[in-house]
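Please keep the structure in view while reading.

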Amino acid sequence: MTKITYMENINTVCEHCGTPIKHSYVITNNDTHFRVGTTCFKKYSNLSKASVAWLEKKFQDIKQMQDKKSMLEIALTSEDEEEMLEVMKINKIHWMFNYDDVVSATKGWIETYELRIDSVQNEIDGKTVKTNIIVK
Ligand SMILES: [Zn+2]
């Protein structure tokens, strides 16, 4: 059983070529974890180009949602209503009338993003579960 996750902005080393990397894929085959840079993953994995492109797109979707989610979390923590509204605007939500509405909408969207991120990761897991991903 294979699971693959994407990690961004973590300084580490590619286990395939030994190069220091910032962004990596972690491939979990049963109990073993293998961390590989995005370039080596593209070049040396046993997946088709189409599958690699599909995975990249899905992880990009996850990253965008994580970014929006952390913006909301920061705004919520700061209790800065303007900041929360600003983030809402990015998400095209303009219907808040008072601070409590803004706070509750912010919390709602954080939850929504969590669910959407889980759902995309589940979609990825569904595709990879029967695939033995190898980088060689
Ligand atoms: Zn590498």
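**Domains, strands and cores**

The protein is divided into domain 1 (1–46) and domain 2 (47–127), with bounds that come from an automatic or database domain assignment. This is a predicted model, in which local features need pLDDT of at least 70, side-chain atom pairs count only at pLDDT 80 or more, and totals for chains, interfaces and linings use all residues. Residues are numbered from 1 along each chain as its sequence is written.

The C-alpha centres of domain 1 and domain 2 are 24 Å apart. Seven residues from domain 1 and eight residues from domain 2 make up the contact, where two residues are in contact if their C-beta atoms, placed from the backbone, lie within 7 Å. On the side of domain 1 that touches domain 2, strand β1 (residues 2–7) provides the largest share, three residues. Helices (H or I, at least four residues) and strands (E, at least two) are DSSP runs, numbered from the N terminus.

Strand β1 also takes part in pairing, which requires that DSSP finds at least two bridges between two strands. β1 and β4 run antiparallel and are joined by six bridges; K3 stands opposite T28 in β4. On β4 and strand β5 (residues 32–37), six bridges again pair the strands in the antiparallel sense, and N29 has T32 in β5 as its bridge partner. The hairpin of β4 and β5 has two residues between the strands, and N30 takes a positive phi near 50° there.

A nonpolar core is a set of buried Ala, Val, Leu, Ile, Met, Phe, Trp, Tyr and Cys residues joined through C-beta atoms within 7 Å. A residue is buried if 20 or more other C-beta atoms lie within 10 Å of its own, exposed if 12 or fewer, and partly exposed in between, with C-beta atoms placed from the backbone. The largest core has 14 residues, of which I4, Y25, I27 and V36 touch the most other members. β1, β4 (24–29) and α2 (49–78) each give two or more residues to this core, and α2 contributes the largest share, three residues. Both domain 1 and domain 2 give residues to this core, so it lies between them. Beyond its neighbours within four places in sequence, Y25 is in contact with I4, Y6, V36, T38 and F41. A second, separate core of eight residues includes M71, V87, W109 and Y113.

K130 lies in the segment after α4 (99–128). K130 is exposed because 8 other C-beta atoms lie within 10 Å. The C-alpha atoms of K130 and T2 are separated by 6.9 Å, although these residues are 128 residues apart along the chain.
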